[in-house]
Structures are given as C-alpha cells and as structure tokens.
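Reader: I would like a close look at the aromatic ring pairs in this model. Please take them one by one, and then turn to the ligand site.

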Amino acid sequence: MTIETRLGVCNLCEAICGLVLTIDTDAGRVTGVRGNPDDPLSRGHICPKGVSLADIHADPDRLRRPLRRVGRGAEATWEEMAWDDALDLVADRLAATISEHGADAVGVYQGNPSAHALGLFTHGRPFKKALGTRNMFSASTVDQMPHHVVAREVFGHQFLIPVPDLDRTDLFVVIGANPMASNGSLMTVPDFPGRVRELRARGGRMVVIDPRRTETARIADAHHFVRPGTDAALLMAMIQVLLSEGLARPASYVDGLDRLAELAAPFTPEVAAAVCGIDAEVIRELARDLATASSSVVYGRIGVSTHEFGTLCQWAIVVLNVLTGHLDAPGGAMFPEPAIDLVAHGLAGPGTHGRWRSRVRGAEEVGGEFPAVVMAEEILTPGEGRIRAMVTIAGNPVLSTPSGDKLAEALDALDFMAAIDIYLNETTRHADVILPTTSHLERDHYDVVFHAFAVRNTARWTPALFEPDDDQRHDWWISYQLAKRIAERLGRPLSPEAEAAAAASPRDLVAFMLAAGGKVSMDDLLAEPAGVDLGPLQPTLPARLATPDKRLSLVPEAIVADLPRLEAMLAAAPGGEGLVLIGRRHQRDCNSWMHNTDRLTRGRPRHHLLMHPDDLAARGLPDGGLVRVTSRVGAVEVEVSADADMMPGVVSLPHGFGHALPGVRLRHASGVPGVSVNDLTDPERVDPLSGNAALTGLPVEVVGVG
Ligand SMILES: Nc1nc2c(c(=O)[nH]1)N[C@H]1C(S)=C(S)[C@@H](COP(=O)(O)OP(=O)(O)OC[C@H]3O[C@@H](n4cnc5c(=O)[nH]c(N)nc54)[C@H](O)[C@@H]3O)O[C@H]1N2
Ligand SMILES: Nc1nc2c(c(=O)[nH]1)N[C@H]1C(S)=C(S)[C@@H](COP(=O)(O)OP(=O)(O)OC[C@H]3O[C@@H](n4cnc5c(=O)[nH]c(N)nc54)[C@H](O)[C@@H]3O)O[C@H]1N2
Ligand code: SF4
Ligand SMILES: [Mo]
C-alpha cells in the first residue's frame, strides 16, 4: 500500500475549505481527510461534509457511465450506454425538438453544484448558446436572485455584492442566516465558529434575528425572534430611525437621501413592531448601535432572500450599511477583489430584467432566466412555445423547488429529458438519458465564483487527486460535446473561435483569466498549492461602482416602487392565529443530496417538523407523534418534535428530504427518507421584483394523524 499526502479542496459549500488528504494510490482510495492549516482562507477548518468527499468518491451508486431509461416510474430499468451513443442521442433529440418546435421548446435547469464545479462554469455557456432557448432556469430563483437585482440596481452590476468584513467588524447583525450550520453563503467564510470567537475576543458583538433560536443564535450576544416574512418592515424601521435621528452618514458618492427619508417615514419602529414581533425600543437600539459602533455590518441570507419581500429586504440591508457609513469600510460590508474578477473583465454582463416574459403567467426574465416556479406550468400548459424537452444540470428541482411533486409529474409529460448528474435521484429518474460527470476529487478546481464573495482575498489552484476511469468524462468535455453536436445538427456549427474556447481545458481558461487579472499567475498558484494570500478586503468605491455616473442611488425606482406592497402587508397586519412554516439547514446535510452517506446520516433523524411546545399543547399533539402538514398546494405526513427554540406560531421543516420514490437507489443510513417540504411550498408565492420563490413564511395547518 502506497500512502501519499496531497492537498485538495472541498467545494460542497461556499466555504471552499482547503484540505489535506491521505491517499492509498494503489487502491485509488482516500484514507484520511483533514483541514489544511496552511490554507490562508480556511486556516485548517473542515466540517463533516468535507470528510465525506471520500464517501462520494468511493460510492458505488455514483454514476460513472451514461444511463438510458427503459420504461417509466416504478417499472423503469436503466441500461448503460457508450458515451458517443449517449451524446448523439441527447443531441439528436434536443436538435429535433428545436427544429420542430423552436428553441424555447427546450428548457434548462441548472442546480447549485453548477456554481461549485469549475468545468460547468467555464464551459456551460457554449452549450446553452447552442440551444438558444429563453427557457433558462436555475436554483438562483429559489435562493439568491434578490441579491443580484439589488446589486444591479444599486451598484450597477449583478455580481457586485458586498460581503461582511467579518474579521474586522465590531458588530455583526445576522438576519435570516444560520452560518453555524450553512458555513456561510454569499459570504465565503470557512471556520465561521472560529471567526466569531475572534470577533467576541476583540470585544465585538453578534446579534441574530431569526424565527428560530438557531445554532448561530445560541452563540450570539443577542437573539430576537422575528415573525417570518416581516423583516422588510423591521429593516425599514431601522432606516427610519437612522434618518429621523440624524445618525446617517453616507459617503459622498451616495444620492437619494431625502427621497429615502420620505419613503421611510411611515415605517416607524412602532409600526414595524406590531407585525414583526420585536419591540420598538429594541429596533431603535439596534439601529443606533449600528450607527455608533466603530464598525458594523448587517448581513441577511436565505431567511430574507426566499421571502415575499426578498428584494426589498436585501435592498434595505444595503441601505443600512450605506447609512451607517460602513459600506466599503473595514469591518463593514466590503467588495472582495478576486484574482479572477468577472465584473472587471466583463466576463459576466451587468444583469438584465424584463427583456421577455414567461409564456403562461408572464413572469419577467431576470438575469437571463425565468423563475424556477414557472417550470411545471411551462411544461404542462398546451400551446405554442410549450417546453417539450428539459435538461437538468447538477440540479434536483423535484426536491428543491416549490410544488416539486407537481414538477415530477410534469417531467414525465416531456417528450425528452436529459440530466447531467452524478446520481440517479428524484429528478434524474425522469430523464431518458443521464450523463454523469467526474466528481469532486477527479477534477481540477479553482473557485471562480466563491473567491468573489470571500471575507479575505485569496486564490488557490487545486489539481485533481485521482485520474478518472477510462469511461468517465469531465463536465466541461460533456458540455463542449453537446454544444458541438447540437450546433452541427442545427446546421450552424460553432465558429472556429468558439470551438477553440470550448475545447480549451478549464485549467487553460483559468490561467488565461488569471493573467488578465494581473494579480497572481497560474505559476504563482502552482508554487503555493495551499493558496496565495492576497490580504484583507480593501475599500474600492466609488471607482468600482458600475453605475454610469459612478454614483450610488439609495432609491432605485425599480425597487422602491415595491414599498406600497409592503405598506399593504402592514395594513393587512399578518400574525393571526395560523402557523407559518420556515426551513432549516443542518451542518451534515447538503441540500437534497448526500443522504446516501452513512457518515452524514447516522444519528438522530433530522427531518422532523419542529414546533413550539405551547403550539403542540394548544393542538393536543404529542411530542414525536405523526402530524399532517397542509398548505394551499399540498400535504405531507411527518413526525413532529417539540422545540422551545422555535418562535411560537412558527414551525420548521428542512428541505432536501423526501427520498421515498420508486426506482431511486438510495441507501439511507437513518432508514428515514423524510418528506419534501417543497411538496408544500407554493409556486404562486414569489418576490415579484426578482421572481425568487417565497419559500419562507408559508401558511400551514398542522393536525394529528391517527
Ligand atoms: N424549501 C426550501 N427549498 C429550497 C431551499 C430552502 O432553503 N428551502 N434552498 C434552496 C437553495 S438555497 C438551493 S441552492 C437549492 C438547491 O437546489 P438544486 O441545485 O436543484 O438541488 P441540490 O440538492 O443542490 O441538487 C444537486 C444535484 O446535483 C448533483 N450533483 C452534485 N455534485 C455534482 C457535480 O459535481 N456535477 C454534477 N453534474 N452534478 C452534481 C446531485 O446529484 C443533485 O442531483 O434548493 C433550494 N430549495
Ligand atoms: N450544511 C449545509 N450547508 C449549506 C447548505 C446545506 O444544505 N447544508 N446549503 C448551502 C446553500 S445552497 C445555501 S444558499 C446556504 C444558505 O445559508 P443560510 O442562509 O445561512 O442557511 P439557512 O440555514 O437556510 O438559514 C436561513 C435562516 O433564516 C431563518 N428564517 C426563515 N425565515 C425567516 C424570516 O422570514 N426572517 C428571518 N429573519 N429569518 C428567517 C431560518 O430560521 C434560518 O435560520 O447554505 C449553504 N450551506
Ligand atoms: S465547511 Fe464543510 S462542506 Fe463547506 S467547504 Fe468546508 S469542509 Fe466543505
Ligand atoms: Mo443555495
């Protein structure tokens, strides 16, 4: 047995931890995984998921060769195919669909791991271009689309998103995020627990606003329960306090203060308190603390993005950081300067909105895509322009998008479906062909996406640890092959330039983009495999603003036009008797997949509905009993657990469960497949400005079963 030590990377979540792996090179097996203490960003951090990269690598259920489905549903069987045959079949069917029904008859859904896989990032475009469809969807509209809308409207570019300068802040206010479980999002922050310890050691404070006393709330200096869905009122009230008390000190390049004061005036702390459940005095104090701390930053994530007022919330968060004077200042909200800067190099456009509308409900295009919530209706509603073929790329929308059960039915109504995925699961089982990519330890990695959201500027190149088998293929090669074969069939072959770019390896493209950035070269990265430290975040405004006049408007019309809807919500005063449902994440879950590794699934089941003991008692429900949870669109039966950490009136189910489907080969160590919360979430509930699904704050009823 030859044991070698090599450096690797975990790209399962946004923390992008550097790893040290020991490998039995004869057996092609990982014998140990730990955090790399020399990594300038992750500093030795690792979580249980990082260790389980070894399980994914060894998993016999991970797909390595293309599969073709024979039969449907419970009767389906799967046959392996040769790559050429599989690629030709997919290209034939997609090209035929386009020729017969037009480009929009093909829909594409890109899932979360597309943002984490270098090859899908570097080579995704030619494939999508070859298809030419407007029916693009992604996990972004069940996640972070409000951030992009706000970035585009306020900073002039959809990817200019400031992150908390966590390592230097004195006051960190977390609204609707649980980085102790998630390891941070739109805030690449490996070792969140260690960084919070340091924050507190230097006398700083963390305040959490969340309808659940989360793992993050438990280590905070203060936690306030907020009624789900009402944060926009809370945030507006904090803005109102800063402006009415003369505490605002925005930078000289900021416009719109007077208009903002007018708009914020009705949202007094008393008005907000009545709906959000946080005392008016607490709201005032928090606003004052933000303004008077030597540095402070407000940060909000899934709990205020997947929200009926997602864009208003993310806008108000930016506005608060501007008003306190801590946007673009050390310890505030700052813009990372990645070695590959998609914004500076024009590699990504500034963002678009409303160029076209979806066929059935007329939802606006945002950033080149439609809301994921319209997928099922676009497949099922007859007529010109119906989606007849789908491609999913590293996504599991049956479990991750609203009314996933209905989407599953819709997928069966397609003429053809292909999935680029490493597992047979709830979504890919509907595909006619599954094209599996090499997986995490078998491919090179540079994090083009998440260095751009990191709390420290670093860069790192990580070569593949294992050679793939002869019959495996990289994601970028698959994308390129599909692009080429479809383009040929449609009689418009790729141009020589496009062909050259698409045929270049991700490594070549990274080297090229690094050279364009001029901060660090591929050679520098090869010489320092643990990662190159480019230092703490630096002020970059107004130079880096992408607005035409290099000024920042606090009151973009496209966003403030939504304030009357917020006022209407306040007037309707939610918060009656009914229960509302929120989600949750656990450190050992990874959205909807990885529930087949023993390491991550053993121990207490994590899929239960959590409910405050008083709410259980009021309904005469026993702790641990089976309950039926019903929403406007669906119902699930699941065990309920009493949990005093829940805000009364609020219940919680995690997403990504509900694997009990015929034909899906999953080994559940816990033996419990759980239920899918997205059989309850409602595709009609969206944040209208971004098209993002409003997953949180869903009205539900809970009754006992049996
Ligand atoms: N109710 C509710 N729903 C939610 C959320 C919530 O908080 N509550 N969160 C939302 C969020 S933030 C997100 S990002 C979405 C995620 O939604 P999705 O991206 O649709 O779902 P994932 O569970 O991430 O599915 C990832 C898929 O990619 C495959 N995969 C994994 N690694 C690779 C790879 O390297 N290459 C390829 N080709 N495939 C790979 C897996 O097998 C799996 O099929 O879910 C959203 N849904
Ligand atoms: N272990 C693990 N890590 C992950 C993931 C995973 O599935 N598992 N997924 C990754 C992905 S794709 C993402 S996008 C990130 C997400 O990262 P986070 O946003 O940090 O993750 P969540 O745990 O969903 O945190 C959302 C919080 O919002 C709260 N909340 C719900 N509704 C409301 C509301 O109306 N108002 C307020 N103020 N709070 C509310 C919830 O109680 C919850 O604590 O995590 C990433 N990291
Ligand atoms: S926090 Fe865990 S899952 Fe996220 S990158 Fe680090 S090891 Fe991987
Ligand atoms: Mo996400």
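Author: Phe172, Phe192 and Tyr299 are joined into a cluster by ring pairs. The model is a predicted one, and the count of aromatic pairs in it comes to five.

A pair of aromatic rings is described by how far apart the centres are and by the angle between the planes. Phe155 and Phe335 form an edge-to-face pair, with 5.0 Å from centre to centre and 85° between the planes. Planes over 60 degrees apart count as edge-to-face, and the angle of 85° is what places Phe155 and Phe335 there. This pair links distant parts of the chain, since its two residues are 180 residues apart. Phe155 belongs to helix H5 (residues 145–155), whereas Phe335 sits in the loop between strand S14 (333–334) and strand S15 (353–357). Phe155 has a relative accessible area of 1% and is therefore buried. For Phe335 the relative accessible area is 2%, so Phe335 is buried too. The cut-off for a buried residue is under 20%.

Phe172 and Phe192 are both buried.

Now the ligand site. Ligand 1 is surrounded by 29 residues, the closest being Tyr109, Asn112, Ser400, Asp421 and Ser592. By type, the shell around ligand 1 divides into 13 nonpolar, twelve polar and four charged residues. Domain 2 (67–133 + 388–447 + 457–534) and domain 4 (576–704) each supply at least three residues to the shell.

An oxygen atom of ligand 1 lies 2.9 Å from a backbone N or O atom of Asn396. The side chain of Arg443 places an N or O atom 2.7 Å from an oxygen atom of ligand 1. In the case of Asn678, a side-chain N or O atom is 2.9 Å from a nitrogen atom of ligand 1. Ligand 1 taken alone exposes 910 Å², and the protein buries 97% of that area.

Note on methods. Residues numbered from 1 in each chain as written. Chains lettered and ligands numbered in written order. Predicted model: local features only at pLDDT ≥ 70, side-chain atom pairs only at ≥ 80, totals over all residues. Heavy atoms only, no water. Near = heavy atom within 4 Å. Polar contact = N/O pair within 3.5 Å; in protein donor to acceptor, adjacent residues only side chain to side chain. Areas by Shrake-Rupley, 256 points an atom, 1.4 Å probe, with all protein chains shown as cover. Nonpolar A, V, L, I, M, F, W, Y, C, P; charged D, E, K, R; others polar. Domains from an automatic or database assignment. Phe/Tyr/Trp six-rings, centres within 6.5 Å; stacked < 30°, edge-to-face > 60°. Helix = DSSP H or I, 4+ residues; strand = E, 2+ residues; numbered from the N terminus. Buried < 20%, exposed > 50% of the residue type's maximum accessible area, 1.4 Å probe, protein only.
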